[in-house]
Amino acid sequence: MAKLHLITYGCQMNEYDSERVAGLLRERQYELTDDAAAADVILVNTCAIREKAEDKVFSKLGELRRLKAGRPDLVIGVMGCMAQLQQGMVLRRAPQVDLVFGSPAIARVAELVERARREPRPVLETGEAPLVKITAKPPSAARLKAFVTVMEGCEKHCTFCVVPRTRGRERSHPPAAIVAEIEGLVAEGCREVTLLGQTVNAYGRDLTPPTDLAELFARVNDVAGLERIRFTTSNPYNLTPRLIRAMREVPKVCEWFHLPLQSGSDRVLERMNRGYTRARYLELVDALREAEPAMAFSTDIIVGFPGETEADFAATLEVVERVAFDNVFVFRYSRRPGTPAATMPEQVADDVKADRNRRVLEVAQRVGAARSAHLRGRTMEVLVDGASRRSTGELSGRTRCNRVVNFDGQGRAAVGDVVHVRVTDALPHSLRGMLTTPEEAVCWSK
Ligand code: SAM
């Protein structure tokens with residue numbers, strides 16, 4: 001068997017894509033190796049969302065160049081978002097690369113790798129392969145949690161974002177194929193799935209007949225043996241009353257909603273072309289909390305978008321306080337080639353971005369800590385996923401609202417169990433608790 005080494009940068013979708021690639025190549029007699037020096041083929045799965053992500057890839061390609069110097073038959077491929085967006089630059093700055101292909105062409109990876117092994121010139125592929133649900137996964141040990149892509153691409157055209165250019169148009173997988181994939185995962189021991197899409201709540205509108213995420217939840221909920229359903233990433237613009245109802249009514253859907261805000265200022269949201277206002281965002285949060293009072297929210301925020309003033313930024317801080325997010329991912333605006341915001345006037349200076357980044361994190365940590373403190377004394381359902389990282393002998397798991405809980409459950413609970421834990425302490429990054437009975441959890445489960 002030939003040996004394949006995969007290096008993955010970026011989001012969950014990239015992790016999932018790497019698994020698909022490993023699965024497809026396994027069918028062609030490639031086995032995975034952790035050792036780059038032992039590989040016949042090395043594929044670097046890239047991210048282009050921010051400039052920093054691209055810098056990391058070039059530094060890794062520099063390391064691989066040294067490896068290739070001693071082994072000219074080694075095939076080095078660059079795949080994913082940066083490969084799609086920057087093929088020219090990849091070949092110019094990293095001439096040791098033999099293969100460049102984008103995410104929309106993943107289904108053809110086996111053929112592309114074979115060509116790259118045969119042909120003297122670099123193989124380039126940035127077209128789109130037919131949409132197939134690739135269920136072939138590496139023969140890894142049973143996994144408790146898995147990502148499942150339900151749709152590819154993005155058509156949102158936020159002015160800061162490269163994704164529509166890197167991942168192509170929106171294409172949904174048919175519900176039956178998704179359910180079949182999840183059934184396969186559950187048969188191997190999976191208890192929790194995260195349904196993935198760039199705008200996952202736009203799922204299904206391109207299918208014939210059209211369907212939606214609420215309907216998909218109902219189908220996935222029927223998979224016996226599956227415990228939990230999560231999903232990401234949603235766009236407030238596509239958040240429908242049907243989906244809000246489904247959050248309450250579909251038992252396996254967890255009370256955790258990742259809803260990118262990006263900015264709390266209407267002026268900035270408009271320049272970002274996000275399609276909603278601050279008031280609309282808050283209305284959606286209220287509706288979701290009304291449907292499901294235990295709902296936890298996380299969000300993405302960009303600081304230093306072109307033209308963002310102190311007043312705009314203050315409006316973002318206000319929304320962070322008002323929503324009381326459990327978790328906030330903050331990004332400094334990064335100019336991406338070919339996006340409208342890259343050429344907007346009034347680009348914000350790096351030191352201002354750094355300062356706003358720090359200030360929003362401060363507020364986010366404070367409100368997140370208050371949310372944690374509020375969980376003290378509650379009994380929560382926990383899916384046990386391993387040993388606690390800190391203290392030996394303790395188990396660790398996640399609540400339905402996506403909080404890490406460590407507890408002493410030795411001998412009384414095992415990985416994969418769903419148990420009930422009373423929260424005794426709220427630390428900055430995790431909760432501590434003790435095993436208890438389900439009766440106490442009534443007010444916190446559906
Ligand atoms: N499709 C999702 C959406 O639009 O909400 C999220 C996709 S992206 C992989 C994750 C996050 O990266 C975005 O929500 C945004 O906050 C951030 N991001 C995207 N483009 C960026 C840029 N040019 N500079 C800084 N952050 C960016």
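Mentor: A residue is called buried when its relative accessible area is under 20%. Please keep that cut-off in mind, and note also that the model is predicted.

Let us begin with the charged pairs. Side chains of opposite charge can pair when their charged atoms come close. The salt bridges in this model number 36. One of them joins Glu152 to Arg20, with 3.3 Å between the closest N and O atoms. Because Glu152 belongs to strand 8 (residues 151-152) and Arg20 to helix 1 (residues 12-26), this pair ties together parts that are 132 residues apart in sequence. Both Glu152 and Arg20 are buried, which means that each falls under the 20% limit.

A second example involves Glu381, whose salt bridge with Arg228 has its closest N and O atoms 3.3 Å apart. Glu381 is part of strand 15 (residues 379-387) and Arg228 is part of strand 11 (residues 228-232), so parts 153 residues apart in sequence are tied together. Here too the two partners, Glu381 and Arg228, are buried. Glu381 also meets the side chain of Arg400 in a salt bridge, at 4.0 Å from N to O. Arg400 sits in the loop between strand 16 (395-399) and strand 17 (404-408), while Glu381 is in strand 15, so this pair links parts that are 19 residues apart in sequence. Arg400 is buried, as is Glu381.

We turn now to the ligand. It is surrounded by 15 residues, and the closest are Phe160, Gln198, Gln262, Asp300 and Ser334. By class, the residues of this shell are six nonpolar, four polar and five charged. Strand 13 (296-303) and strand 14 (327-332) each contribute at least two residues to the shell. For Asp300 the distance is 2.6 Å, for Gln262 it is 2.7 Å, and for Arg274 it is 3.2 Å. The ligand taken alone exposes 570 Å², and the protein buries 93% of that area.

The backbone comes last. Most residues other than glycine have a negative phi, and most peptide bonds are trans. Against that background, consider the bond that joins Thr208 and Pro209, which is cis, with omega about -10 degrees. Pro209 is in the loop between strand 10 (192-196) and helix 8 (213-221). The peptide bond from Thr232 to Thr233 is cis as well, with omega near 5 degrees, and Thr233 lies in the loop between strand 11 and helix 9 (241-249).

Asn273, which is not glycine, has a positive phi near 60 degrees. Asn273 is in the loop between helix 10 (266-272) and helix 11 (278-291), and it counts as partly exposed because its relative accessibility is 41%. Glu346 likewise has a positive phi, near 60 degrees, and is found in the loop between strand 14 and helix 13 (350-373).

Notes:
Residues numbered from 1 in each chain as written. Predicted model: local features only at pLDDT ≥ 70, side-chain atom pairs only at ≥ 80, totals over all residues. Heavy atoms only, no water. Helix = DSSP H or I, 4+ residues; strand = E, 2+ residues; numbered from the N terminus. Buried < 20%, exposed > 50% of the residue type's maximum accessible area, 1.4 Å probe, protein only. Near = heavy atom within 4 Å. Polar contact = N/O pair within 3.5 Å; in protein donor to acceptor, adjacent residues only side chain to side chain. Areas by Shrake-Rupley, 256 points an atom, 1.4 Å probe, with all protein chains shown as cover. Nonpolar A, V, L, I, M, F, W, Y, C, P; charged D, E, K, R; others polar.
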